[in-house]
Amino acid sequence: MKEGSGLLFYSITKTIPMKKINILYSFLVVFLLNSSVWAQEYDLVIYGGTSAGVAAAIQASRMERSVVLIEPTQRLGGLTTGGLGQTDIGNKQAIGGIAREFYQQIKAYYDQPENWVWQKKAEYMDSGQTRTKEGEDAMWTFEPSAALEVYHQLLKDENITLVYNERLLRQENGVQKSGNQIKSIQMESGKIFSGKMFMDATYEGDLMATSGVSYTVGRESNSQYKESLNGVQANYWAVTLNFKASRNAINHNFVPGVDPYVVKGNPDSGLLPYITEGGPGIDGSGDNKVQAYCFRMCLTDHPENRIPFQKPADYDELNYELLIRNYEAGETQLPWINSPMPNRKTDTNNRRGFSTDFIGQNYDYPEASYEEREKIVKAHRNYQMGLMWTLANHPRMPKWVRDIYSQWGTTKDEFERGDGWQNQLYVREARRMIGPLVMTQQHCEREEIVEDAVGLAAYGMDSHHIQRYVDANGYVQNEGNVEAHVEGPYPISYRSIIPKKEEASNLFVPVCVSASHIAFGSIRMEPVFMVLGQSAAIAASLAIEKEVAIQDLPYSELKESLLKYKQRLE
């Protein structure tokens, strides 16, 4: 409260009855507690408790900076605690710092016999890309609950203010700026958080967008950044002849001859659900469509921990007609990647032509309101619930398929929901910042190498399908899949996690990084987000110390600190 305000308050209230004074006083206290006058200022305000946000908060605390970590939901960790336990990594040696510490703590967690509840440790074998080798100091596959426990242990001894269930006010007054400097952010509840530095660690980029920072949604055309793997990817042969991709349009697609119409052979009957009208577009052309989302299901076949797949209340067989017809046309494989996790659980992901990816049903998600997003999330969950029930129970499914899927179900002991489903949707891609430098296919392939690395990426350039359409032969096809190898780890630029200076001089964006669609497909892995979150927090601390805009921070000094905190840059 400014000097002299007490005298003013006395002058106003001395003639007012005491009851009204008490009411006025209570109102004033509430107002001041929710105003920027009384809001505590932090060195670093982090919005989004994803893996990037958690790593950033830990790093800021270790550098003795005051930090608040604001999570819009009631669960920390994003996808790392939301089902994505079969780590997509590419190269383990590319991961350092707090990210490696996390995976080391995962190993320590599973070295404790009491954490093997549903099976013995000796019975578990990881069949995935990150299988732990003899003598390795880290473990790369884990249950969601194990990740959550490790995060809580890492945070326990740090000086971090944790705030749950607070969503950013995504309106003009949600972010207060002075020139290009963010001063405070406001939540829907009215709470205000002031800070010297800010970080958007969400998958959606809500703080970035509300702050007026440039961004894009969807695929760029190949011509925009002189790439070959961006834009529409419908023509398999045209793509492979570029010698850049290994498996594109041919992968995760329907067997030949699946009819797309409600009544087979009758276009007048209309298209089956989730098929886009018209063709896929010209190969290599851009659009504003987003690669498919799903839930990374945590399943189990243990009878005591299994919840059988339930038919959703709004189940409609027509929504799964393409799945059934795909088997009738000759499909011989199961539409999932059911990766084993400890304690007889799985990290289950999309596979084949009709699977857990809800193709084409997420285009509005990046820019949607919170309420609209909740509807999209619910639609994805109901779609997947119906899918799993169909695979396990529908009489038109082959018996051998039903026999396998009926052994599985969601878990009783992982998530807050009673049906065993998680709340965290796999938001593979939403907004992407347009910063001082845009990471592109050339960076992933090391044709261009940046000299201001804040971390390494090593996973292949990856995109899930984006649309479902009717091809020239009158059959259904998926479009958008890209799986392109990278030769080895490559550096991610500091300029790709910061905005242009004129837009925001104290905001870091370590998740919705400045990258083209296809480059983001390589960068967008949870351990890399941890690395970038930690590096951003180091840069934030140095910028505070030097009292400079983050764009003016000398890279030589940043690099020295990054290496001090065990980041791997080359």
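Helix axes are lines fitted to C-alpha atoms over the stretch in contact, and the angles between them run from 0 to 180 degrees between N-to-C directions; helices (H or I, at least four residues) and strands (E, at least two) are DSSP runs, numbered from the N terminus. The structure is a predicted model, in which local features need pLDDT of at least 70 and side-chain atom pairs count only at pLDDT 80 or more, whereas totals for chains, interfaces and linings use all residues. Residues are numbered from 1 along each chain as its sequence is written, and side-chain values use heavy atoms, with hydrogens and water left out.

Helix α13 (residues 526–546) packs against helix α14 (residues 555–564) at an angle of about 130°, the two axes lying 10 Å apart. That makes α13 oblique to α14, given that angles under 35 degrees count as roughly parallel, over 145 as roughly antiparallel, 65 to 115 as roughly perpendicular and the rest as oblique. The crossing of α13 past α14 is right-handed, a crossing being left-handed if the near helix is turned anticlockwise from the far one by less than a right angle, and right-handed if clockwise. For helix α3 (residues 51–62) and helix α5 (residues 144–156), the axes come within 10 Å and cross at roughly 20°. The helices α3 and α5 are therefore roughly parallel to each other, and α3 passes α5 in a left-handed crossing.

Strand β8 (residues 261–263) pairs with strand β9 (residues 266–271) in the antiparallel sense over two bridges, pairing being assigned if DSSP finds at least two bridges between two strands. Opposite Y261 stands L271 in β9. Two residues lie between the strands of this hairpin, in which G265 takes a positive phi near 80°.

Grid points are joined across faces, edges and corners, and a volume is the space filled by probe spheres set on the points. The largest pocket has a volume of about 800 Å³. Among its 33 lining residues, E71, T73, Y365, N423 and Q424 are the closest to its centre.

Definitions and conventions: On a 1 Å grid over the protein atoms alone, a cavity is a set of points where a 1.4 Å probe fits but cannot get out, and a pocket is an open set with protein on both sides within 12 Å along at least five of seven lines; lining residues have an atom within 4 Å of a point.
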